[in-house]
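Hi,

Here is the structure I promised to pass on. Have a look at it first, and then read on for what turned up.

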Amino acid sequence: MAFDLSQIIKAYDVRGTVPDQLSPQVARAIGQAFARAVVRPDAGAPQGSGPGEADTSPGVVVGHDMRDSGPELVEAFAAGLTAEGVDVIRIGLCSTDGLYHASGALGLPGAMFTASHNPAAYNGIKLCRAGARPVGEATGLADVREVAQGILDDDDARPAEAGQVPAAPSSGTRKGAVTDRETLADYAAFLRGLVDLSGLRPLKVVVDAGNGMGGYTVPAVLGEAAGMSALPLDIVPLYFELDGTFPNHEANPLEPANLLDLQTAVVANEADLGLAFDGDADRCFVVDERGVPVSPSAVTALVGLREVEKEKAAGRTPTVIHNLITSRAVPDLLSAAGAEVVRTRVGHSFIKAEMAERDAVFGGEHSAHYYFRDFFFADTGMLAAMHVLAALGGQPHPLSALAEMYEPYAASGEINSTVPDAAEATERVLDAYRTAYPGVVVDRLDGVTVSHWDDQPQWWFNLRASNTEPLLRLNVEAADEDIMVKVRDDVLSLVRAETDDAGGAA
């Protein structure tokens, strides 16, 4: 069976349907390619195989989420690694930030098998170098794709055996070993050491795990399941049963429909707040005591200010990273607090690289990815949730009052449109706005951002094509709700307009 890896290996991870796009054969080839292109690209003679010589072979830590296809894909990926002389440490079920913690704590490259918030038919792989350093398009993923594609193309000429084709290992390499390791307790203890929650006022917290990995990690970190001491938290669980078919709702809290159960439960239980995690639990969404969502931009500002103050108390000048979709309130508030604020494009590999280069203390994205220098410059929804709990529980006011100061503007949230040609639709919108507003500022850092923020009325919007799905994404922000609604509706009408044969709007 021929595979086209350009369809599933994109800008910053691997994502595809199982098994037609991501099969054990493909996973094995990607494992081999990861070994050759990233883990040991300069490997020569076999390592650790001489008489009396200590085993110095490289290793990779591998984990997976609750999807049924995960264990089989991990086994195939590990076979590809071991064929190249790379040892494998399997940590089994884990969240993505649990994998990053293992990579950072063990000093090893890592691979997390997850499709995050995508539906049950999907799976994927997030790759990192030792210390949870990102592997993206420009930092090794393109090389992995090229090498893996070559392996699969060679495999096409060989007969299949039991549904898999055993790819040929590099000449002369020893076979790597596979071991299993438990890391959940270490992960929980590490996070507990970063934010002290023991002195909070008592809080009732509803947590919607969406049948994803939050159901595994929340009891360990915020509860006593991993041997941690009890916290002043009354956790009300929703959908903690691990189930990769997502029987209750998709594990994608970015979609408002998937927050409805949490919002209802917060109000019904008279809780102080609600937390919602996506499928691999690396993102966390927050709702206040009224069941009203707190925007990820507000969480970025709240957590960012806490990290800025900690950095300043240590005598250092803080740097904070935010992507170009976050609210203008983020750079406004953080700059006023004394931080150097850096704007970057969307995507975890890009923002992680920027954070490491600038030694940034914190980074936030509109999609509820939050990055911490204290967490290997990687993203962790759990640590962000802990900061929100600490901020709320350390003062007497409700979350709605606390969050209000971080949300001064009106935002549309991310709106997706399926269009036949994302580039053509983007240019159509850009042409219309340049004509109507000759003074707008346009940049193409990521998609196209059109800004009228320095004039009245104040607004900006960004259009960018998804790296993982056939969608064009719109984000709008304005000084007030009426302006935001007008810009949002005008842009969407242009994006979704049918085109005639001449290329104009029909």
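First, some ground rules. This is a predicted model, so to speak of local features we need a pLDDT of at least 70, side-chain atom pairs count only at pLDDT 80 or more, and totals for chains, interfaces and linings use all residues. Residues are numbered from 1 along each chain as its sequence is written, and side-chain values use heavy atoms, with hydrogens and water left out.

**The whole chain**

The protein chain has 14 helices and 23 strands (these are DSSP runs, H or I of at least four residues for helices and E of at least two for strands, numbered from the N terminus). Its radius of gyration is 23 Å, close to the 23 Å that the globule rule gives for 506 residues, so the chain is as compact as a globular protein of that length (the radius is taken over C-alpha atoms, and the rule is 2.2 Å times the number of residues to the power 0.38). Along the principal axes, the C-alpha trace spans about 75 × 65 × 45 Å.

Of the 506 residues, 57% count as buried (under 20% relative accessible area; exposed is over 50%, and partly exposed is in between, with a 1.4 Å probe and protein chains only). Among contacts with a separation of 6 or more, 68% come from residues 24 or more positions apart (a contact means heavy atoms within 4.5 Å).

The mean pLDDT of the protein chain is 91, and 91% of its residues reach 70 or more (pLDDT is the predictor's confidence in each residue, from 0 to 100). Two stretches need some care. Over residues 499-506 the pLDDT is below 50, and this stretch has twelve contacts in the model beyond near neighbours in sequence. Over residues 160-166 pLDDT stays under 50 as well, and there the model has nine contacts beyond four places in sequence.

Among the buried ones are Leu99, Tyr100 and His101.

Tyr100 turns up again when you look at α10. His348 is in that helix (residues 348-358) and is buried, with a relative accessible area of 7%. Leaving out residues up to four places away in sequence, His348 touches Tyr12, Tyr100, Glu365 and Tyr371. His348 and Asp13 are 335 residues apart in sequence, yet their C-alpha atoms are 9.5 Å apart in space.

Beyond its neighbours within four places in sequence, Lys352 is in contact with Tyr100, Ala132, Pro134, Tyr371, Phe377, Ala378 and Asp379.

Most residues other than glycine have a negative phi, and most peptide bonds are trans. With that in mind, take a look at Phe377, which has a positive phi of about 60° although it is not a glycine. Phe377 sits in the loop between β16 and β17 (378-379). Ala368 also has a positive phi, of about 75°, and is not a glycine either. You'll find Ala368 in the loop between β15 (362-364) and β16 (370-372), where it is buried with a relative accessible area of 0%.

There are cis peptide bonds to look at as well. One joins Val18 and Pro19, with omega about 5°, and Pro19 is in the loop between β1 (14-17) and α1 (24-39). Another runs from Gln456 to Pro457, with omega near -10°; Pro457 is in the loop between β21 (448-451) and β22 (459-465).

**One more buried residue**

Which loop holds Met213? The one between β8 (203-208) and α6 (214-221). Met213 is buried, with a relative accessible area of 0%. Not counting residues up to four places away in sequence, Met213 touches nearby parts of the chain including Asp65, Cys94, Leu242 and Asp280.

Happy browsing!
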